[in-house]
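Subject: Structure handover

Hello,

Here is the structure I said I would pass on to you. Please open it first and keep it open while you read the notes that follow.

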Amino acid sequence: MFKIRILAIFFILAGISIGYFTYSSELGSGDVPPRLPFKLGLDLQGGSHLLYKADVSSIDPSDIDNSMAALRDVIERRVNLFGVSEPLVQVEETGVFSAGKEKEYRLVVELPGVTDLEQAVAMIGQTPFLEFKTERDTKEQEEIFEAQKIGERLYEDPYFVTSDLTGRYIKKAVLEFDSTTFEPKVGLEFNKEGETLFAKLTKENVGKRIAIYLDGAPISVPVVREEITSGTAEISGGFTAEEAKLLVGRLNSGALPVPIEIISEQGIGATLGGDTLMKGIRAGVYGIVAVAIFLILYYRLAGLLAVASLSIYTVLMLFLFKVFGFTLTSAGIAGFILSVGMAVDANVIIFERIKEELQGGKMVQGSISDGFSRAWLSIRDANISSIITAIILFWFGTSLVKGFALVFGLGVLISMFSAITVSKVLFLSLGIKEGTRFSRFLLGGSFN
C-alpha cells in the first residue's frame with residue numbers, strides 16, 4: 001500500500017508540474033516571447049496555401065517518385081532560407097483511386113504567418129529548371145522537319161533531345177569569370193550520380209553539341225571535345241555579372257528536378273485562424289467539463305478519480321505537443337478531443353466492470369482488481385483497432401488527415417496508460433474500506 005501511495009503521489013505531482021510547465025511556457029511579457037509556444041498550423045494562425053502542378057511527362061515513370069521527392073526537398077530548402085516557421089511542403093497524387101484517370105502530381109506548399117500571396121509566390125520564386133539536352137543526328141533532324149511541314153511532331157525540338165541529366169543532380173554552383181574575355185559564367189559541380197551521368201553524356205557525344213536549357217530556353221550550347229569525368233560543367237550564356245550571380249543563387253537554393261506550374265493560391269487570414277483556434281479551444285473545454293460533471297455525478301468517487309486521471313492525460317498530451325514540436329491544426333485538435341473520448345470510454349468500461357463485480361457480491365478491493373482485469377481485454381482490442389486506423393490514415397492521408405491521425409494515435413496510446421495505470425494506482429492508493437455500503441456507493445453502486 002505504501003508503494004502504491006508513493007506512486008499515486010508521484011503521478012499527481014508529475015501532472016501538476018507538467019501542467020505548470022505547459023502553462024508557463026506559453027506566457028510572454030512585453031517584447032519577450034513565450035519560451036516554448038505551441039506551434040500552430042496554417043489554419044490556426046493564417047498564412048498562404050499554394051498548389052503547384054508538376055509536369056512529369058518527360059520523366060520515366062519509374063523515376064517519378066524520386067523526382068517528386070527531390071522537388072519537395074528543393075522547395076523546402078528555398079522556403080527554409082527565408083526563415084518561415086513550420087512550413088509544410090508535400091507531394092500529392094490525384095486520380096489514384098479513379099479508374100481510367102491519369103495520375104496528376106501536385107506540390108502543396110503551406111507557409112504559416114505569410115499572408116501576402118505575392119510575397120509567398122515570390123518566396124518560392126521562378127526556380128530555374130535546368131536540363132541538359134543532346135544533339136540529334138542530321139537524319140533525325142531532317143525527319144522531324146519533314147514531319148513538321150505536314151503538321152506532325154510539331155512540339156518536338158528538331159535539334160536536341162532531353163537527357164536524364166537535370167538540375168536535381170547539381171551539388172553546387174559558383175560564379176566564375178573567363179580568364180580571357182573576363183565574361184561572367186556559372187560553374188557547376190554535380191553530385192556523384194550526376195557526375196556519372198555527365199561522364200556518360202560527354203563520352204557518347206564527343207564532337208557533338210550538348211545544350212544547357214534553363215526554364216525551357218537554351219542558354220549555352222557547347223561542343224564536347226572529350227569525355228569529362230571530373231563532374232563539372234560551365235554555363236556561359238552572355239550573362240552580366242548580376243545575372244550570373246542571380247542564377248548561381250537560384251541554382252544553389254535549388255534547381256527544380258521537375259517543372260511546376262502554380263494552379264491555386266489562397267490566403268488564410270489571421271482573423272480566420274484565430275477564430276478557428278478559439279472555437280477549437282472552447283469546444284475542447286466545454287466538452288471536457290461536461291464529461292467531468294457526468295463522470296462525477298454518475299460514478300461518484302470513481303468518476304472523480306477518472307477526472308484526475310484524465311487531467312493528467314490532458315497535460316501530458318499538451319506537454320508532448322510542445323516538446324516534440326507537433327504543429328497543431330484544427331484537425332489535430334479534433335483528433336485530440338476524440339482521443340479524450342477514447343480515454344473516457346476506457347474509464348467507463350472499467351467502472352461498469354467494477355460495478356458488476358460489486359453486484360456479484362465481491363469485496364471492494366477484489367472488485368477493483370477484477371474490474372480492471374476484465375476491462376483490459378475490451379480496452380486493448382478497441383484501442384488497437386483505433387491505432388491501426390490512425391496508422392492507415394497517416395500512411396495514405398494528406399496533410400490535415402496526417403495531423404489528425406498522428407494526434408489521435410498518440411492520444412489513444414496515452415489514454416491506455418492513463419486509464420489502466422494511472423486510474424488503477426489512484427484507486428488502490430485510497431485503500432477503500434471493505435464491507436460498507438457507503439464505499440460501494442462511492443464506487444457507483446447503490447446503498448442496498
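This is a predicted model: local features need pLDDT of at least 70, side-chain atom pairs count only at pLDDT 80 or more; totals for chains, interfaces and linings use all residues.

Overall picture

The chain has 448 residues, of which 42% count as buried. Its secondary structure comes to 13 helices and 13 strands. Among the contacts with a separation of 6 or more, 72% are between residues 24 or more positions apart.

Helix H8

Helix H8 covers residues 270–299, and Ile293 has its place there. Ile293 belongs to a nonpolar surface patch of about 700 Å², together with Met278, Ile281, Val285, Tyr286, Val289 and Leu297.

Aromatic pairs

The model holds 14 aromatic pairs. One of these is Phe132 with Phe198, an edge-to-face pair with 6.0 Å from centre to centre and 65° between the planes. This pair links distant parts of the chain: Phe132 is in strand S5 (residues 130–135) and Phe198 is in helix H6 (residues 192–204), 66 residues apart. Both Phe132 and Phe198 are buried.

Why is the pair of Phe294 and Tyr298 called stacked? The ring centres of Phe294 and Tyr298 are 5.5 Å apart and the planes lie at 15°, so the pair is stacked; the limit for stacked is under 30 degrees. Phe294 and Tyr298 are four residues apart in helix H8, and therefore about one helical turn separates them. Phe294 has a relative accessible area of 43% and is partly exposed, and Tyr298, at 41%, counts as partly exposed too. Ring pairs also link Phe294 and Tyr298 with Tyr299 and Phe351 into a cluster.

A further ring to look at is that of Tyr213: Lys133 lies over its face, at 4.0 Å from the ring centre.

Salt bridges

The count of salt bridges comes to 14. In one of them, Arg209 pairs with Glu135, and the closest N and O atoms are 3.1 Å apart. Arg209 lies in the loop between H6 and strand S9 (210–214), while Glu135 is in strand S5, so this pair ties together parts that are 74 residues apart in sequence. The cut-off for buried is under 20%.

Another salt bridge joins Lys171 and Glu189, with 3.7 Å between the closest N and O atoms. This pair links distant parts of the chain as well, with Lys171 in strand S7 (residues 170–177) and Glu189 in strand S8 (residues 184–190), 18 residues apart. Lys171 is exposed, at a relative accessible area of 58%, and Glu189 counts as partly exposed at 25%.

Within helix H6, Glu204 and Lys200 lie four residues apart, which is about one turn of the helix. They form a salt bridge whose closest N and O atoms are 3.2 Å apart. Lys200 is partly exposed, with a relative accessible area of 48%. Salt bridges that share partners also join Arg353, Glu356, Glu357 and Arg374 into one network.

Two residues and their contacts

Which residues does Val121 touch, leaving out those up to four places away in sequence? They are Leu50, Ile262 and Glu265. Val121 lies in helix H4 (residues 117–124) and counts as partly exposed, at 23% relative accessibility. Val121 and Glu265 are 144 residues apart along the chain, yet their C-alpha atoms are separated by 8.3 Å.

Gln141 has its place in helix H5 (residues 138–149). With a relative accessibility of 13%, Gln141 counts as buried. Apart from its neighbours within four places in sequence, Gln141 is in contact with Glu135, Arg136, Pro158 and Tyr159. Glu135 is also the salt-bridge partner of Arg209.

Regards

Key:
Residues are numbered from 1 along each chain as its sequence is written. Side-chain values use heavy atoms; hydrogens and water are left out. Patches are made of residues with over 30% relative accessible area and no salt bridge: like charges are joined within 9 Å, nonpolar side chains (Val, Leu, Ile, Met, Phe, Trp, Tyr) within 5 Å. Accessible areas come from the Shrake-Rupley method with a 1.4 Å probe; for residues, only the protein chains shown count as cover. A salt bridge is a side-chain nitrogen of Lys or Arg within 4 Å of a carboxyl oxygen of Asp or Glu. Helices (H or I, at least four residues) and strands (E, at least two) are DSSP runs, numbered from the N terminus. Buried means under 20% relative accessible area, exposed over 50%, partly exposed in between (1.4 Å probe, protein chains only). Contact means heavy atoms within 4.5 Å. Rings of Phe, Tyr and Trp (its six-membered ring) pair if their centres lie within 6.5 Å; planes under 30 degrees apart count as stacked, over 60 as edge-to-face and the rest as tilted. A charge sits over a ring if NZ of Lys or CZ of Arg is within 6 Å of the ring centre and within 35 degrees of the ring normal.
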